[in-house]
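Have the coordinates open in your viewer and try each task before reading its solution.

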Amino acid sequence: MKEILSGSLLLMGSVFILLSAVGILRMPDLYTRMSATTKASTLGIGLVLLGTILFWQDFGIASRAIAIIVFLFLTAPVAAHVIGRAAYLGKVPLWEKTNIDEFKKREHPSDSSSSMPE
Amino acid sequence: MNFMEWAVQASVIVIGLSILIIFLRLIVGPSIEDRIVALDLLSANAIAFIAVYSIQKNTTTFLDAGIILALLAFLSTVAFAFYLGRREKQ
């Protein structure tokens with residue numbers, strides 16, 4: 001029973017990691033790529049580490065794995081935000097079908113050329 | 001071969017395949033930010049690989065390396081972003 005639960009957690013986690021890898025290869029621009037990778041890979045690593053905890057059932061292993069999970073859940077959004085802001089200010093192009101650009105609307109409120117229709 | 005061994009083998013194969021796919025983006029990536037995101041994702045995949053490897057080889061020593069790797073990935077991403085912001089100001 002324990003092995004079946006742990007093994008299926010490992011499989012689900014690695015499938016989410018594969019989804020994030022496919023997302024970083026197939027998505028059209030940097031921002032959608034980051035949106036695919038941060039969420040899917042964080043969930044995948046969390047599931048894999050939960051499977052590791054269930055397999056070992058040892059306090060030392062569980063504390064290390066929970067430390068990694070908490071650290072990843074805290075830092076992945078911060079890192080994505082920092083990189084996304086640097087990329088936007090560095091004028092990395094958006095996808096041509098992007099129709100909501102709230103950052104541009106906040107920086108230049110009078111410029112309504114590419115903001116979304118009210 | 002029971003279910004656990006099969007699951008561990010399949011996870012190793014799937015995570016290795018995704019590391020290869022991320023390497024493709026690391027080579028292709030048009031901007032430097034794409035490469036930074038790919039490096040961040042690579043170190044995250046390395047953490048998952050370490051966890052699966054600890055089950056496969058029956059050793060728990062490398063989970064400490066996972067903590068260090070998570071820390072280094074975050075710090076290097078923030079440092080690269082800081083450097084990119086400095087470059088834009090000049």
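The exercises below concern a predicted model, and each task is followed by a worked solution.

**Exercise 1. Two helices within chain A**

Task: Find how H1(A) and H2(A) are oriented relative to each other, parallel or antiparallel.

Solution: 
- Step 1. Take the axes of H1(A) and of H2(A), which is residues 30–56 of chain A; they come within 7 Å and cross at roughly 165 degrees.
- Step 2. Angles over 145 degrees count as roughly antiparallel, so H1(A) is roughly antiparallel to H2(A).
- Step 3. Check the hand: H1(A) and H2(A) make a left-handed crossing.
- Step 4. Sort the contact residues of this pair by class, which gives 17 nonpolar, 9 polar and 2 charged.

**Exercise 2. A helix pair across the chains**

Task: Now do the like for H1(A) and H1(B): which orientation do they have, and which hand is their crossing?

Solution: 
- Step 1. H1(A) passes H1(B) in a left-handed crossing.
- Step 2. The residues of this contact are 21 nonpolar, 5 polar and 2 charged.

**Exercise 3. The side of chain B that touches chain A**

Task: Work out which helix of chain B gives the largest share of the side that touches chain A.

Solution: 
- Step 1. Count the contacts: 43 residues of chain B meet 44 residues of chain A.
- Step 2. List the elements of chain B that give two or more residues to this side: H1, H2 (32–57) and H3 (63–89).
- Step 3. The largest share comes from H2(B), with 15 residues.
- Step 4. By class, this side of chain B has 28 nonpolar, 9 polar and 6 charged residues.

**Exercise 4. Annotated spans in chain B**

Task: Compare the record with the model: how much helix is there in residues 36–56 and in residues 62–84 of chain B?

Solution: 
- Step 1. An unreviewed UniProt entry lists residues 6–24, 36–56 and 62–84 of chain B as "transmembrane region".
- Step 2. Residues 36–56 are 100% helix, with end C-alpha atoms 30 Å apart.
- Step 3. Residues 62–84 are 96% helix and 0% strand, and their end C-alpha atoms lie 33 Å apart.

**Exercise 5. One residue**

Solution: 
- Step 1. The C-alpha atom of His81(A) is 9.4 Å from that of Met34(A), 47 residues apart along the chain.

Terms used:
Residues numbered from 1 in each chain as written. Chains lettered and ligands numbered in written order. Predicted model: local features only at pLDDT ≥ 70, side-chain atom pairs only at ≥ 80, totals over all residues. UniProt positions renumbered as here; feature names shortened; annotations may be inferred. Helix = DSSP H or I, 4+ residues; strand = E, 2+ residues; numbered from the N terminus. Left-handed = near helix turned anticlockwise from the far one by under 90°. Nonpolar A, V, L, I, M, F, W, Y, C, P; charged D, E, K, R; others polar. Contact = placed C-beta atoms within 7 Å. Axes fitted to C-alpha atoms, helices over the stretch in contact; angles between N-to-C directions. Parallel < 35°, antiparallel > 145°, perpendicular 65-115°, else oblique.
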